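Here is a friendly walk through one protein model, from its strands to its salt bridges and its ligand. Please keep the sequence and the 3D view open as you read.

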Amino acid sequence: MKELVRSRSLELYRRACLLMPAGVNSPVRAFGSVHGTPLFFAHGAGAFIEDVDGNRFLDCCGSWGPLILGHAPPIVLSAVRQACQDGMTFGAPHAGEIELAELVQASYPAAERIRFVSSGTEAVMSAVRLARGFTGRSLVVKFSGCYHGHSDALLVQGGSGLATFGASSSAGVPAGAVHDTCVVPLDDEQVVTELFRERGDEIAVVLIEPIPANAGLLLQRSEYLQFLRDITRKHGVLLLFDEVISGFRVGSGGAAARYGIEPDLVTFGKVIGGGMPVGAFGGTQRIMEKIAPLGDVYQAGTLSGNPVAMAAGCATLKLLGAERVYSRLEELGQRLEDGISEVLQTQGGCCVRVGSIFWLGFQSDPPRCLELVAAAGVQRYSDFHSAMLDRGVYLAPSGYEVGFLNHAMTEADVDYLAGAIRDSLPG
Ligand SMILES: *Cc1c(COP(=O)(O)O)cnc(C)c1O
């Protein structure tokens with residue numbers, strides 16, 4: 001193990017900082033909570049990425065989730081090339097949109113009708129507007145620790161214990177924008193029951209990441225998700241599953257199939273774009289017909305359903321459907337878990353995993369809500385992250401982020417990863 005040479009990354013970082021705030025186009029890319037400055041990447045192939053200094057890493061960030069097949073899979077590349085040659089955008093309908101919608105719908109029956117957009121943020125923002133338009137109600141219920149993109153109304157974390165109203169997590173979000181957003185902790189039936197008792201007829205939608213993967217991996221009890229399904233139905237409230245990460249990641253039916261629960265609305269992103277900027281929202285026909293031009297809830301997008309992005313998504317979903325990708329990813333995930341669990345446990349840590357998504361917690365019990373994610377543990381991640389970089393493994397630069405395995409990884413890669421984790425643990 002040798003320390004990384006970072007001179008060219010550092011040079012690019014300095015240039016970038018003169019042009020872009022902190023040199024990045026998304027804050028999570030800055031190495032704010034780990035050591036050093038961001039690496040700049042030049043190539044990705046299969047399971048590996050290479051930075052501008054020629055350092056090669058096993059990529060466990062996977063662009064934050066989309067790259068379930070690894071980097072530049074040949075089938076996706078050739079589909080993208082063809083689509084580019086045929087015209088990069090029309091701003092008019094084309095067959096690629098139908099093809100991707102058919103693939104999504106075939107795997108996810110709750111999405112009777114679908115609309116494509118260009119990011120997960122856009123998908124959730126639009127679905128929430130639709131839910132409010134459909135129900136004629138204003139209140140939105142979200143859970144602390146669940147991330148739903150950066151639209152104003154959803155930039156609320158809340159936090160401790162009780163339901164909190166309208167305290168935004170970002171400057172620049174006026175109180176009015178979050179006034180109708182209510183944040184409750186995950187895994188707590190009582191808080192939700194009380195909220196519904198008091199304001200059930202004002203709530204438009206309850207939105208949740210059914211597999212919360214943006215603040216550690218907060219796996220929920222299936223009874224809890226069923227409880228949310230039941231209580232929302234009883235009060236005429238819509239249930240929105242934000243499957244931007246879990247959709248086509250934990251299986252082709254997402255969390256809905258895994259838990260056997262049908263939401264009224266669903267949002268997708270990440271994997272369904274095959275590495276291109278894509279988001280989508282869908283739901284029952286009755287709800288989706290409220291969207292313009294059929295209905296009076298407005299939503300639009302210059303590049304929505306972009307042909308190149310649709311082609312990348314189609315090629316990805318077809319391959320996911322054709323080969324035994326998910327069972328293989330489960331095997332790789334189990335292999336990783338087997339390789340690290342014991343050592344983690346002896347050090348007071350834990351590995352939380354679902355399929356190819358994993359989170360290494362520097363705390364003994366896997367948390368089911370944000371309030372139980374130990375901040376001290378997350379701080380220990382910083383040294384761990386640089387030790388992993390030195391061993392040639394790229395993890396997301398924050399202890400709250402999950403890691404991803406992908407289909408390009410071999411068993412040997414996963415064994416290497418497990419060894420690197422064991423050797424990099426704080427001890
Ligand atoms: C990533 C993510 C989003 C936002 O998607 P973007 O494409 O980054 O806008 C929304 N919801 C969840 C659950 C996500 O993980």
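Leucine 139 stands opposite isoleucine 203 in E8. This pairing belongs to strand E5 (residues 139-143) and E8, which run parallel and share three bridges. Strands (E, at least two residues) and helices (H or I, at least four residues) are DSSP runs, numbered from the N terminus, and two strands pair if DSSP finds at least two bridges between them. E8 also pairs with strand E9 (residues 238-242), again in the parallel sense, here over four bridges. In that pairing, valine 205 stands opposite leucine 238 in E9. E8 is mostly covered, with six of its six residues buried. Here buried means under 20% relative accessible area, exposed means over 50%, and partly exposed is in between (1.4 Å probe, protein chains only).

A word on the source: this is a predicted model, in which local features need pLDDT of at least 70 and side-chain atom pairs count only at pLDDT 80 or more, while totals for chains, interfaces and linings use all residues. Residues are numbered from 1 along each chain as its sequence is written, and side-chain values use heavy atoms, with hydrogens and water left out.

E12 and E13 are joined in the antiparallel sense by five bridges, and valine 352 is found opposite tryptophan 359 in E13. Two residues lie between the strands in the hairpin of E12 and E13, where glycine 355 takes a positive phi near 55°. On its other pairing, strand E13 (residues 357-361) meets E15 over two antiparallel bridges, with isoleucine 357 opposite phenylalanine 404 in E15.

How many of the residues of E12 are buried? Five of its five residues are, so to speak, under cover. In a regular strand the side chains alternate between the two faces of the sheet. Both faces of E12 are covered: Cys350, Val352 and Val354 are buried on one side, and Cys351 and Arg353 are buried on the other.

Another open sheet has four strands in the order E1-E2-E3-E14, with mixed pairing. Its edges are strand E1 (41-45) and strand E14 (393-394), each with a single partner strand, so one side of each is left without a neighbour in the sheet. Strand E3 (residues 56-59) and E14 pair in the parallel sense over two bridges, and leucine 58 has valine 393 in E14 as its bridge partner.

**Salt bridges**

The whole structure holds 13 salt bridges, each being a side-chain nitrogen of Lys or Arg within 4 Å of a carboxyl oxygen of Asp or Glu. The table gives some of them.

| Aspartate 187 | Arginine 221 | 2.8 Å |

Aspartate 187 lies in the loop between strand E7 (181-184) and helix H6 (189-199), and arginine 221 in the loop between strand E8 (203-208) and helix H7 (222-234), so their pair ties together parts that are 34 residues apart in sequence. Arginine 229 lies in helix H7 and aspartate 264 in the loop between helix H8 (254-259) and strand E10 (265-268), so this pair links parts that are 35 residues apart in sequence. Arginine 229 and aspartate 264 are both buried.

Aspartate 415 sits in helix H13 (residues 411-424) and arginine 335 in helix H11 (residues 325-346), so the pair ties together parts that are 80 residues apart in sequence. Aspartate 415 counts as partly exposed at 36% relative accessibility, and arginine 335 counts as partly exposed at 32%. Salt bridges with shared partners also join Asp187, Glu189, Arg221, Glu223 and Arg368 into one network.

**Around the ligand**

Which residues surround the ligand? They are Ser119, Gly120, Thr121, Tyr147, His148, Gly149, Glu209, Asn214, Asp242, Val244, Ile245 and Lys270, where near means that a heavy atom of the residue lies within 4 Å. By class, this shell has three nonpolar, six polar and three charged residues; Ala, Val, Leu, Ile, Met, Phe, Trp, Tyr, Cys and Pro count as nonpolar, Asp, Glu, Lys and Arg as charged, and the others, Gly among them, as polar.

A polar side-chain atom of threonine 121 lies 2.6 Å from an oxygen atom of the ligand, and one of lysine 270 lies 2.7 Å from a ligand oxygen. The protein covers 83% of the 380 Å² of accessible area that the ligand has on its own (Shrake-Rupley method, 1.4 Å probe).

Terms used:
Polar contact = N/O pair within 3.5 Å; in protein donor to acceptor, adjacent residues only side chain to side chain.
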